[in-house]
Structure formats: structure tokens, C-alpha cells
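This report examines strand pairing and salt bridges in the chain shown below.

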Amino acid sequence: MINRIRDIRKSKGLTLADLADACDPPTTAQTIGRLETGMRNLSIKWMDRIGSALGVDPETLVRSEEKPQIQIIAELSADGPEALTSAREAILPTDLAATSESGQLIVLSVSASIGEFRPGDLLWMRQLPPEAASAAINRDCLVPRPGGRFAFGRLIDRRETLVGILPAGSGQKQQVVDNPPWIAVAEMLVRRL
């Protein structure tokens, strides 16, 4: 089995110290470094602690040696593509945790061009409780409505139990949903080229 802690930690922009502090109970950066390099045994207990700190399923922290590794080999900056000093493993969207303390992941499939979205796009969204709506202001959201329907667009307002959504299409008026059970915030767009 291949240990993927370093690649997942770096893909989330965390340092060894950040990850060590995020563990419950906190540990040291040196311990995390030893677990990443295999100098210390990665037990199930450690996989649970680190997986929780990274917000991923513990089994995502390792992969089979037979499974091909997809690598990030370059970074596109304002100056153009630049080679990395060393390749990093790319973490696929399906490797992300389906659930975490911050909410479950759901996917919205796009079948028609609406706003900035194109047919075939998959919009990965994180379900939040309604009281966390302030974190979603000015972000694309999916909100359930009565009768099995949904409202989708930019969350523009939250007052008491009312949520205001500005649809993604042009010329549409604001939709107001009263007391939705959850609000899903867009986290990632997957688009085939």
C-alpha cells in the first residue's frame, strides 16, 4: 500500500504543523512527517485521526501499488506553465470524503447552458445546515423547495428562516425559500474538455 498523506495534505494547502494541530488530540509536525514517510507505522487509529483532520475518509490515505498514480506535473501561473520541482499525486474528486463534519457532498449535473455552466458539467456541492448560510453568501447554491423541487443560483440574502437565491440564468427574478432543511454550496466544478 502507498501512503498518500503528503499528497492530500499538500493538495489542501496544509503544512505539517497545520495538520498536526488539526488532529484530535493534537500531535507534532515531526510525528506527521514520520507517518508520511513511513518511518512510523500508519495504524488504523492514526488513519482515523489524520483522515478526520484532513476531512477525508481514512481509506483515502492509502492506495494500492497496482493502481496507476495520476500525477500533477506542472502548474499554470500568470507567466505560463511551470514544471514542478517534483511531481505530486493528483487527488480525484471521488477520493474526497463524501461526508465530513462540514457536511455531505452531493453533485448537480448540468444539462443546458445556464450562466457560466455548460452541458456535461458536474457541480460538486457541500450540504450545510441552514444556520451556516452566512458562509454561503455570494456563492452558487442549491436549495431544496417544497414538493421535491430545487432553487439554484447565487445566495444573496438570508433573513431569519428566508433564503434569497438569484438564479444563474439572465433575466430571472429572485427566488425566496422559507426554512430549507439544508443549503448546498458549490465547492468544485468538473468539466470535460
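**Basis and terms**

A residue is called buried under 20% relative accessible area, exposed over 50%, and partly exposed in between (1.4 Å probe, protein chains only). The model is predicted, so local features need pLDDT of at least 70 and side-chain atom pairs count only at pLDDT 80 or more, while totals for chains, interfaces and linings use all residues. Residues are numbered from 1 along each chain as its sequence is written, and side-chain values use heavy atoms, leaving out hydrogens and water.

**Strand pairing around β11**

Strands (E, at least two residues) and helices (H or I, at least four) are DSSP runs numbered from the N terminus; two strands pair if DSSP finds at least two bridges between them. Strand β11 (residues 183-190) runs antiparallel to β6 (residues 122-128), with 7 bridges joining them; Trp124 has Met188 as its bridge partner in β11. Strand β7 (residues 140-145) is also antiparallel to β11, through 2 bridges, and Leu142 is partnered there by Ala184.

**Salt bridges**

With a salt bridge defined as a side-chain nitrogen of Lys or Arg within 4 Å of a carboxyl oxygen of Asp or Glu, the count is 6. One of them joins Arg154 to Asp140, with the closest N and O atoms 3.3 Å apart. Arg154 belongs to strand β8 (residues 149-159) and Asp140 to β7, 14 residues apart. Arg154 is partly exposed at 32% relative accessibility, whereas Asp140 is buried at 12%.

Arg6 and Glu36 also form a salt bridge (3.3 Å, N to O). This pair links helix α1 (residues 5-11) with helix α3 (residues 29-37). Arg6, Arg9 and Glu36 are linked in a salt-bridge network.
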